[in-house]
Amino acid sequence: MRNKEFKLLEIELYNVFNYRGRHVIDFRTDSEGNVFLFDIKNGGGKTSLFLAIKWAFYGFDNGIRYEKDGLVLGADDFINQDERANGSFHARVRFLYDGTEMLIRRECPDYRSGTTKLTLELGKGKIECAEAGAHIAQIIPPDYGNFFMFNGEVLNSMATDQKNRERIDGVLKLLGLKQLSDLRNILKTIKDGWETDHYNNILKNNELPAITGQIATKKGELDSVMRDLAAVREDREALQDEIMALEGRRRSLSDVEGIMGKLSKKNARKSELSGLIEGVMSAIDKNKTNSFLIFIHDDLKRLIGQLEDERGEVVRAQNSSQGKRNELSHIQESILTDHLMQCPVCRSVLTVEQIAQLQKMVETSKGDSAQHESLRMRHTELGDQIGLLRCCYDEEPVKLNDLCTQLFDYREEEIRINRDIDDLNQLMSGSEVESVKEVSSALVGLYRKKADLDARYNKLERYRKAGEAALNSLKTQYDKQAKLSDVQKKVSNRIEYVKSLLIRIDSLIKTIKTQKRRAILDRANDVFMQITNKPDVYRGLEYDDAESFSMHIERNDGQKVIHPSSGEKHVLAISFLISLSLNTERLNPMMMDTPLSRLDVEHKKNIGRMLSSLDNQVLFLAQPGELDEETRRSLRPSVAKMYESRPTEDNTASIVEVII
Amino acid sequence: MDEVIDVELRAQMGEDYELIIKMLKAMDGKSARDKKEAVRDMLEMAADEKQGI
């Protein structure tokens, strides 16, 4: 495996921390050594240099925290305190990555806002800001900064907090597995979404065969019902035939009840008729004296007519003289009666002749009156005759005629009824009552059986209708499902495909992770056994569990070292980090800020030797006393350059100078 | 990509190797949502092509 080489070539700091103004540190060298040793006193700018280089790559984003003495630092801490009025600070890093020289420049134009501008120069090209950031993240992902730019605090947490999820993810990223793991999780999310759509929102994939099964079952049930229905129908028809035959037989024997009923009605009517006939006979008997009038009805009519005519003539004769005669007779009679000889008006006096004439006239008038009286009497007589004849003509004969007609009708009906009664009595006397009873009894049984069959038939008919409805519903569902099946098939295929990818990716991740974990552990053991001051006591390192990269020290007897010293923890962490670095695809620089301060001489010497043996560029920021003579001696063959810092003349800033 | 992973990926994924590489590249520098959409599009296309749809 060929690792991509990553080397720092030059760093320029401007007004960052205690590096006031422009400050350049050159890492170019002809030496084959890999260690760049900074021997800087406390407050001389070790941590500032460490943080400034880290900031140049990652800025204030990317989840990188800049800490010093337990405090999280921001832009207003990064700017040189004497240049705050200026407001801006920047760092430039020139480096070599996989054979290409690149230059990044990160500037914070105003520490108050904290925003930064980033540019990246690649050969002759130049890209800026977000694009430059993305490119940097590809070349040196933030996790590199977390793992390979460390100080004592990072080492301490690395030794004690390796099970931290973020740290595990970070390791996986460095190993190239995080990207695969992320892809795996995205694929799983997509698969889960598809499956949810497939199985919940759309009809389930296996529903079609289920519906087919349900349809087959329902069809079977329906066929069974139909068979039962056909059988019951046949039974009903046979029973109906039997009933019809028996009914015919019963009718042929005798309809006793019907005859009895009819006989009863006929007798009742006969009795009623007897009463009616008796009534009519009585009425006729009452009117029988005038019955002859029936025969002289026409003569009566004619006679009445003649009498009416005569009466008319009498009336006319009476009317012709009655009024005038009556008036004159009255005057004459008054004159004679009252002896009015002289007129009270004109004083005329009646003569004897006139009186005689008047008396004659009165006599004559009395004669006319007798004639009139005769007419009046004739009129009365004619009226009586007409009244009598009309009475005979208008009433008696007609009523009698009606009574005779009524009597005739009643007699006719009575004769018919008597004949019917005779017939019915004859029928009654000829019926086989016992046979009728037997047939009727059999019919009752048959009708009961028919009622049962009808009930069963109706029940089966309901089953049939319900079965057909259910079957139709299933068929509709089936049709709908069948239409959807193409889409389902497509989604199903996609699910199967992504499942197959997931299986292989899971297997791949597991395989590679196992390989990498083993390789990291092996290499960490090599490093640890070279560094530890107790190679005869410790057997090496072992993982705490099957998943994380958390390790512990094991003694030769296989027992875990429960309470390792802080120095041993640092040794463990350094062993892990060096091993991790060697198991990535990059040969990246390792920047260490006072990593040996807690270690004893033996450990320091061994680490010095170990760092010298690496191919990585190592920036070792040491404080006075951290490197004893023996350690320096072990490092010296690999030291490419050594730097020291000194304060500026006004003692307000640091200047780093190459001393070797 | 790490060479060890690359070799294993090629061996494990066979003809789907290119798809996985494309997906990994498509995920670079994208938000979680965009990553998912990009991967899903590729996945649908690849699955449908496989089935000749």
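Visitor: Which residue follows H2(B), and what is its phi?
Guide: Keep in mind that this is a predicted model, in which local features need pLDDT of at least 70 and side-chain atom pairs count only at pLDDT 80 or more, while totals for chains, interfaces and linings use all residues. Residues are numbered from 1 along each chain as its sequence is written, chains are lettered from A and ligands numbered from 1 in the order in which they are written, and side-chain values use heavy atoms, with hydrogens and water left out. Helices (H or I, at least four residues) and strands (E, at least two) are DSSP runs, numbered from the N terminus. The residue that follows H2(B) is Gly29(B), and its phi is positive, near 70°.

Visitor: How many helices and strands does chain B have, and in what order do its elements run?
Guide: The secondary structure of chain B comes to three helices and zero strands. Read from the N terminus on, the order is α-α-α.

Visitor: Why is H2(B) described as largely enclosed by the rest of the structure?
Guide: A residue is called buried under 20% relative accessible area, exposed over 50% and partly exposed in between, using a 1.4 Å probe and protein chains only. The buried residues of this helix are Tyr17(B), Leu19(B), Ile20(B), Ile21(B), Met23(B), Leu24(B), Ala26(B) and Met27(B). H2(B) is largely enclosed because eight of its eleven residues are buried.

Visitor: How are H2(B) and H3(B) placed: roughly parallel or roughly antiparallel?
Guide: Axes are lines fitted to C-alpha atoms, for helices over the stretch in contact, and angles run from 0 to 180 degrees between N-to-C directions; those under 35 degrees count as roughly parallel, over 145 as roughly antiparallel, 65 to 115 as roughly perpendicular and the rest as oblique. Helix H2 (residues 17-27) of chain B packs against helix H3 (residues 32-51) of chain B at an angle of about 160°, with the axes 9 Å apart. That angle makes H2(B) and H3(B) roughly antiparallel.

Visitor: Which residues of H2(B) meet H3(B), and how do the residues of this contact divide by class?
Guide: Contact means heavy atoms within 4.5 Å, and in H2(B) the residues that meet H3(B) are Leu19(B), Lys22(B), Met23(B), Ala26(B) and Met27(B). On the side of H3(B), the partners are Lys35(B), Ala38(B), Val39(B), Met42(B), Leu43(B) and Ala46(B). Ala, Val, Leu, Ile, Met, Phe, Trp, Tyr, Cys and Pro count as nonpolar, Asp, Glu, Lys and Arg as charged, and the others, Gly among them, as polar. By these classes, the contact of H2(B) with H3(B) has nine nonpolar, no polar and two charged residues.

Visitor: How are H1(B) and H2(B) oriented to each other?
Guide: Helix H1 (residues 3-13) of chain B packs against H2(B) at an angle of about 130°, and their axes are 8 Å apart. Asp6(B), Leu9(B), Arg10(B) and Met13(B) in H1(B) meet Tyr17(B), Ile20(B) and Ile21(B) in H2(B). Given their angle, H1(B) and H2(B) are therefore oblique.

Visitor: How many residues does the largest nonpolar core have, and which helix gives the largest share of this core?
Guide: A nonpolar core is a set of buried Ala, Val, Leu, Ile, Met, Phe, Trp, Tyr and Cys residues joined through side-chain atoms within 4.5 Å. The largest one has 133 residues, and among those with the most contacts inside it are Phe57(A) and Ile20(B). Its largest share, 16 residues, comes from helix H13 (residues 433-531) of chain A.

Visitor: Where is Phe17(A) placed, and is it buried or exposed?
Guide: Phe17(A) has a phi near 50°, a positive value in a residue other than glycine. Its place is in the loop between strand E1 (4-16) and strand E2 (19-26) of chain A. With a relative accessible area of 11%, Phe17(A) is buried.

Visitor: What is the relative accessibility of Thr594(A)?
Guide: Thr594(A) also has a positive phi, about 40°, although it is not a glycine, and it lies in the loop between strand E14 (590-593) and helix H15 (601-613) of chain A. Thr594(A) counts as buried, because its relative accessibility is 13%.
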